[in-house]
Structure formats: structure tokens, C-alpha cells
Amino acid sequence: MLTLATGAQIFTDPATGRGTLVTPDTRVWTLNPSAVVALTELARGGTVADAERQLVHRWPDVPVARLRTDLDTLLGTLQEAGG
């Protein structure tokens, strides 16, 4: 499971839904709207299942399997990078 590093910050552009993740070691990640939703939920202390529920709520027309695959890819990429 991914835990965001203490001090990591997520900034969101309300006009586009896109965002930026800035890690304490000053790495910067550009986030698409679904990544913003998922990581915001995790930053609030939610679980991966909570993040998946938020994605399903936000994009009900997208198949759940697709949302889960995208979520797993995001989390795997961040874990590999130490984000």
C-alpha cells in the first residue's frame, strides 16, 4: 500500500482538475484528474479501496476494472519511484 511521504503536498487546478504532487525531496509529479482524486483520498488517510470508490463515484461511466487498473498503475509507479 502506498503512503504519501510526510510533507508531500497536492496542488489542484480547479479549472482543469489537473494537479501537482510535490514530495518533500522536491520531486514534482504532474497529475491528471483521476490521479488527483485518488491521491487526495490517500492523503486524507483513506485506503486504496476508498480511492477506488472515489474514482467510481467521480467517473461512473468508466468500467470499474479500467479505473482499478489505472489506480494500480499510478500507485505502482509512485512506489517504484519512492514517491
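## A walk around helix H1

Start by selecting the buried residues of H1: Ala35, Val36, Ala38, Leu39, Glu41 and Leu42. "Buried" here is under 20% relative accessible area, exposed is over 50% and partly exposed lies in between, with a 1.4 Å probe and protein chains only. Before you go on, note that this is a predicted model, where local features need pLDDT of at least 70, side-chain atom pairs count only at pLDDT 80 or more, and totals for chains, interfaces and linings use all residues. Numbering runs from 1 along each chain as its sequence is written, and side-chain values use heavy atoms, leaving out hydrogens and water.

Now show what covers those residues: the cover includes strand S1 (9-12), strand S2 (19-22), S3, helix H2 (48-58) and H3. Helices (H or I, at least four residues) and strands (E, at least two) are DSSP runs, numbered from the N terminus.

For the contact (heavy atoms within 4.5 Å), pick Ala35, Ala38, Leu39 and Leu42 on H1, then Leu71, Leu74, Leu75 and Leu78 on H3. An α-helix has 3.6 residues a turn, so residues three or four places apart point the same way.

Stay there and select Asn32, Ala35, Asp70, Thr73 and Leu74, the closest to the centre of the largest pocket among its 15 lining residues. A pocket is an open set of points on a 1 Å grid over the protein atoms alone, where a 1.4 Å probe fits, with protein on both sides within 12 Å along at least five of seven lines; lining residues have an atom within 4 Å of a point. Which helix gives the largest share of the lining? H3 does, with seven residues. S3 (28-31), H1 and H3 each supply at least two.

Slide just past H1 to Gly45, which takes a positive phi of about 100°.

Thr26 has a positive phi of about 70° although it is not a glycine. Most residues other than glycine have a negative phi. Is Thr26 buried or exposed? Thr26 counts as exposed, at 64% relative accessibility, while Arg27 is partly exposed at 29%. Finally, draw a line between the C-alpha atoms of Arg27 and Ala8: they are 19 residues apart along the chain and separated by 9.6 Å.
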